[in-house]
Amino acid sequence: MKVRMAEEKDIGRLKDLLSQVLEIHAEGRPDIFVSGTTKYNNAQLAAKIHDENIPMLVLADDEDVVQGYAMCEIQHNKSNNMHDIITLYLDDLCVDETCRGKQYGKVLYEAVKEYGRKIGAYHVTLNVWECNGEGLKFYEAMGMKVLKRTMEEIL
């Protein structure tokens, strides 16, 4: 396994993995997520792959088939009342369901942190849906802590 930057040739596999992520969320929150869809289409993925502010790391096997990805976004936080810092926002991380439990997620997450250090990021942040229990456990095991909470009241 090796971690590399995503390429356009990976789009089909990325969509497969995006579908897996979507189904986890659709199962937990069918009131919000539409089963059978993906977050991005081919054109959107291609644009993200070429956007230097959206680094997308993939974990590829020995045949160069993508078995996981980490899609990030470089954010420059500037405001009057906060320090100017660079945040590496982890938008999505997924390991193929057939490869889970083999530490591939940890390999990807460590690569994300290394990338963040390389660009001078202060921290890595992410949002995880409360219904994604396995995701929550994974990120906590990686050492992540709650930064802030988003709350809701369904009307």
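A residue is termed buried when its relative accessible area is under 20%, exposed when that area is over 50%, and partly exposed in between (1.4 Å probe, protein chains only).

The model is predicted: local features need pLDDT of at least 70, side-chain atom pairs count only at pLDDT 80 or more, and totals for chains, interfaces and linings use all residues. Residues are numbered from 1 along each chain as its sequence is written, and side-chain values use heavy atoms, with hydrogens and water left out.

**Cysteines**

A disulfide is counted when a pair of cysteine sulfur atoms lies within 2.5 Å. The structure holds zero disulfides.

**Nonpolar cores**

A nonpolar core is a set of buried Ala, Val, Leu, Ile, Met, Phe, Trp, Tyr and Cys residues joined through side-chain atoms within 4.5 Å. The largest such core has 22 residues, and those with the most contacts inside it are Leu88, Leu90, Leu93, Leu108, Tyr109, Val112 and Val124. At least two residues of this core come from each of strand 2 (56-60), strand 3 (66-77), strand 4 (85-95), helix 3 (104-119) and strand 5 (123-126). Helix 3 gives the most, with six residues. Helices (H or I, at least four residues) and strands (E, at least two) are DSSP runs, numbered from the N terminus.

Which residues does leucine 90 touch, leaving aside those up to four places away in sequence? With contact taken as heavy atoms within 4.5 Å, leucine 90 touches Ala70, Met71, Cys72, Tyr109, Val112, Val124, Thr125, Leu126 and Tyr139. Another core, of 17 residues, lies apart from the largest one; among its members are Leu14, Leu17, Met56 and Tyr69.

**Aromatic pairs**

Rings of Phe, Tyr and Trp (its six-membered ring) pair if their centres lie within 6.5 Å; planes under 30 degrees apart count as stacked, over 60 as edge-to-face and the rest as tilted. The count by this rule is two aromatic pairs, listed below.

| Pair | Centre to centre | Angle between planes | Class |
|---|---|---|---|
| Phenylalanine 33 and tryptophan 129 | 4.9 Å | 80° | edge-to-face |
| Phenylalanine 138 and tyrosine 139 | 5.1 Å | 70° | edge-to-face |

The pair of phenylalanine 33 and tryptophan 129 links distant parts of the chain, 96 residues apart. Phenylalanine 33 is in the loop between helix 1 (11-28) and helix 2 (42-49), while tryptophan 129 is in the loop between strand 5 and helix 4 (133-141). Phenylalanine 33 is buried at 18% relative accessibility, whereas tryptophan 129 is partly exposed at 35%. In the other pair, phenylalanine 138 is partly exposed, with a relative accessible area of 22%, and tyrosine 139 is buried at 12%.

**Positive phi angles**

Aspartate 64 is not a glycine, yet has a positive phi of about 65°. Aspartate 64 is found in the loop between strand 2 and strand 3 and is partly exposed, with a relative accessible area of 21%. Glutamine 103, in the loop between strand 4 and helix 3, has a positive phi near 75°. At 52% relative accessibility, glutamine 103 counts as exposed.
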